[in-house]
Amino acid sequence: LLKGREFAPTSVAIIGHSMGGLVARALLTLKNFKPELINLLITQATPHTAPVMPLDKYLTDFYTAVNNHWILKAQDLRSLTTLSVAGGFRDYQVRSGLAFLPRLSQHDSALSVVSSAVPRAWASTDHLSIVWCKELILATIRAFFDLIDENTRQITEDPKRRMSVLNHHFVRHPAKIFEENPEAFTELTGAFMWITVRTSKWTYSVYNDSDGKYFTFPLASHRISYSHIYCENSMLDTSSWIYGCLNSNSSMCLEATDLSWRAELLPSTKIVLLKLQDYPSLSHIVIQVPPAAGNKYTLACEFFRKDSRTVQLPVTHLLSFGFSSSKILLNSSGLLYNVQLQHFHQIYQAFKIYVESHCQSHKERKPSIYRLHIPWSHEDSITVAKIPSLTEISAKLHIAQPENDSSVPELNIYSSSDCQYEVILKTSLLQVLGQIVRFHVGALPVYIVANILLAYEGQLSTLMSRGQCSDFSHELVRTAKPYKIEPLISIVVFLLGFNWFRELWESLSLPEVDAAVLSSQDAWFPLVSLMLFLFGTGIAYWSGVFFSTSLRLFSSLWLTLIRPTVLGKDDKLITRRRLCGMLSLCLISWTTCGAFALFLIYLQYLFKVLPGKDSNCSKETSRNLCMPTVKPQSLTNSTLKATQSLSNTTIAAEALNSLKIHVTVLNLFTWIVLLYLPSLIYWLKNLRYNVRLDPDPCRSTALILICILEILMYSSTSEMKSSKLLKIAAKVPLPLSVAMLAFGRLHLFKVPHFVTVSLLLHVVCCVV
């Protein structure tokens with residue numbers, strides 16, 4: 001569109017939200033795409049490292065291809081500057097850890113930040129509001145203006161300048177307008193009064209001052225006793241205000257270096273922290289106070305030793321459950337304190353920090369600022385509190401500490417001088433659970449299906465041993481034990497730490513265990529799997545109760561409306577009519593969408609079970625047989641006389657056993673349909689463009705499941721009890737559950753494959 005213009009651009013900048021940011025990164029993997037067409041890429045709440053829910057193989061392969069390309073071609077992509085902005089803890093759709101760009105790619109031309117750490121934003125956003133958050137919009141627009149090259153009137157082609165601009169607006173803002181090469185020396189002009197300050201602590205309030213002043217702080221007398229100087233200024237303009245004099249012996253300094261670029265903007269003040277050892281050539285620090293017409297602000301400076309203002313606070317243990325606490329009391333009259341949070345480096349750690357401030361007098365004061373600083377990533381959070389007050393701060397991580405990093409998280413307290421601060425830290429059990437859910441909720445369907453498989457195994461075992469099938473909820477409580485699964489996976493993960501076992505594992509072409517991958521990313525610890533297993537057991541139990549109750553209610557409504565005749569039984573599992581139905585659904589799966597065909601056969605299976613759910617329990621006699629909580633011995637003599645013959649009772653018992661198996665199979669199949677639901681939704685949304693979903697991640701699995709379920713829905717337990725393969729079918733679900741948890745946590749699309757194997761053995765038992 002801009003060809004032929006005087007300042008036609010040769011490249012563009014792209015802003016991508018959510019998956020749009022990943023699509024923009026994927027452009028560079030195309031063979032004929034020229035990387036120089038993009039010079040700047042800004043992504044907002046984009047999951048870069050892995051998909052939020054790995055529901056199909058195409059998606060995981062896409063992520064692998066994009067990330068591997070950016071790692072391998074890192075040198076070729078150095079001219080592309082990338083900024084990733086995450087939403088923080090309010091983004092419940094994409095956790096911020098996924099929005100950080102891969103660590104190995106483009107160390108010097110990629111930047112990842114959380115919105116809570118962005119200057120002049122300092123707020124977490126949800127997944128959608130990150131697009132229209134005014135503070136982030138302004139930061140982005142200001143960055144674009146500063147990226148313009150005055151000569152070409154386009155975004156600068158200098159990668160170093162682009163990174164400087166992004167760091168200026170998204171990491172550390174010095175409360176000054178961006179300059180690429182600020183002048184090294186500045187002349188201190190103006191008819192200002194020069195005042196020498198020799199004390200180690202100084203405060204000055206400005207209100208309607210008509211005369212400007214220079215306050216000079218000689219450094220020679222302070223270098224021996226102090227290591228740092230800290231200054232703060234509540235005047236939030238963009239002018240320079242702090243300077244350093246070079247080897248000046250007089251109390252005046254006409255030429256100085258501008259130290260305002262070392263400042264940092266905070267919500268209600270701008271601060272400077274200088275290490276005196278880093279400035280051996282400076283003889284004085286100069287604070288400029290310009291004339292203030294109607295303005296009121298405060299300046300303060302102090303010299304201090306860093307070790308006297310740094311205190312260590314060991315965090316409480318995870319298993320303290322909030323009953324114990326760590327506490328420190330800050331009695332000094334300083335302006336800055338650093339509280340180091342010892343042993344705080346894992347993502348499953350979460351704490352509540354209470355900061356209580358007490359002051360000697362009740363005069364009006366500036367608010368205190370508490371900053372939780374995470375040194376290994378840009379995910380700081382800032383809290384502003386009135387004085388006196390009791391402030392609660394949540395301390396938790398988006399990214400675990402890297403192995404080669406020894407830094408310690410800090411709570412920076414920008415305080416008032418004559419106030420006392422008490423810091424109390426406790427483990428927050430609720431937030432620990434929140435961290436586990438935040439990082440591992442995507443694996444929860446695997447644990448739910450594994451629990452259902454264990455209950456299914458228990459039903460088959462009781463059918464083989466006692467000739468009767470137990471209820472799903474009863475078998476789930478009996479068989480869903482974590483010690484059946486977790487120890488084996490933990491042993492394998494432990495052995496994979498040895499080279500000989502890893503080489504043996506790879507020689508067998510076995511896939512990598514997901515728990516080992518998570519451990520290498522510092523996102524796993526032993527109790528996580530146990531807690532997820534218990535969550536999965538609870539969800540499987542109550543979803544089973546809800547599913548069975550819903551079936552009972554719908555079947556009652558169905559029988560009330562339809563009033564079917566007595567169901568006949570077909571001795572053949574495979575008939576010509578069923579074969580035609582199977583082929584029709586396979587054709588639908590092949591020509592349209594596999595998930596759609598699975599949904600159709602799910603409805604067919606559901607309506608096949610609905611009449612049986614209540615028709616086998618329509619009379620009072622049969623109801624006593626069908627209700628699992630009523631024992632057969634509780635039947636009264638009058639009821640027994642009212643029943644049919646003994647053969648009919650046996651048939652009803654067999655129908656009840658079959659019904660319980662069908663309900664469990666339907667429960668399993670429900671989760672398969674839910675896992676394939678995104679494919680169905682995508683197909684429906686794009687139906688006006690193409691009838692066939694291509695590629696279809698579930699087409700092959702759908703074809704197999706259609707053949708299995710078309711036979712299975714007409715099967716009964718009497719056929720299974722006479723099968724020689726029932727013993728094998730009853731033992732297979734346990735190793736399948738182990739394999740599912742070992743290889744399905746990061747690959748949800750593998751879950752239906754394990755369920756399909758178990759159902760296939762079920763069908764074989766009915767036939768053979």
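**A walk through the predicted model**

Let's start at leucine 674, which sits in helix α18, the stretch covering residues 646-675. Keep in mind that what you're looking at is a predicted model. Leucine 674 is partly exposed, with a relative accessible area of 43%. In the fold, the C-alpha atom of leucine 674 is 9.5 Å from that of phenylalanine 599, although 75 residues separate the two along the chain.

From there, head inside. In soluble globular proteins, nonpolar side chains tend to be buried together. Here, the largest nonpolar core takes in 99 residues, and Val513, Phe669, Met740 and Leu759 have the most contacts inside it. Helix α8 (residues 444-466) supplies the largest share of this core, with 13 residues. And where does this core lie relative to domain 3 and domain 4? Domain 3 (309-436) and domain 4 (442-563 + 576-618 + 653-767) both contribute residues, so the core lies between them. There's also another core, apart from that one, made of 27 residues, including Val315, Leu330, Phe344 and Leu397.

Now zoom in on methionine 740. Setting aside its neighbours within four places in sequence, methionine 740 is in contact with Val446, Val449, Ala450 and Leu453, and also with Arg745, Val751, Phe754 and Val755. One of those partners, Arg745, turns up again if you look at glutamate 486, which touches Arg745 along with Tyr447, Ser529, Phe533 and Leu741, not counting residues up to four places away in sequence. Glutamate 486 lies in helix α10, residues 486-495. Is this glutamate 486 buried or exposed? Glutamate 486 has a relative accessible area of 12%, and because the cut-off for buried is under 20%, it counts as buried.

Next, some helix packing. Two packed helices are described by the angle between their axes and the distance between the axes. Take helix α14 (residues 576-591) and helix α20 (residues 699-712): they pack at an angle of about 165°, and their axes are 10 Å apart. Since angles over 145 degrees count as roughly antiparallel, α14 and α20 are therefore roughly antiparallel to each other. Their crossing is right-handed. On the α14 side, the contact is made by Arg578, Gly581, Met582, Leu585, Cys586, Ser589 and Trp590. Facing them from α20 are Arg699, Ala702, Leu703, Ile706, Cys707, Glu710 and Ile711.

If you trace the chain back from α20, you come to the loop between α19 (677-685) and α20, where proline 695 is found. A cis peptide bond joins aspartate 694 to proline 695, with omega at about 0°. Another cis bond to look at links isoleucine 387 and proline 388, where omega is about -5°. Proline 388 also belongs to a loop, this one between β21 (381-385) and β22 (390-396).

Alanine 45, in the loop between β2 (38-44) and α2 (57-72), has a phi near 55°, a positive value in a residue other than glycine. Alanine 45 counts as buried, at 1% relative accessibility. Tryptophan 122 is another non-glycine residue with a positive phi, near 50°. You'll find tryptophan 122 in the loop between β4 (110-114) and α3 (129-132).

Definitions and conventions. Residues numbered from 1 in each chain as written. Predicted model: local features only at pLDDT ≥ 70, side-chain atom pairs only at ≥ 80, totals over all residues. Heavy atoms only, no water. Core = buried A, V, L, I, M, F, W, Y, C linked by side-chain atoms within 4.5 Å. Buried < 20%, exposed > 50% of the residue type's maximum accessible area, 1.4 Å probe, protein only. Helix = DSSP H or I, 4+ residues; strand = E, 2+ residues; numbered from the N terminus. Domains from an automatic or database assignment. Contact = heavy atoms within 4.5 Å. Axes fitted to C-alpha atoms, helices over the stretch in contact; angles between N-to-C directions. Parallel < 35°, antiparallel > 145°, perpendicular 65-115°, else oblique. Left-handed = near helix turned anticlockwise from the far one by under 90°.
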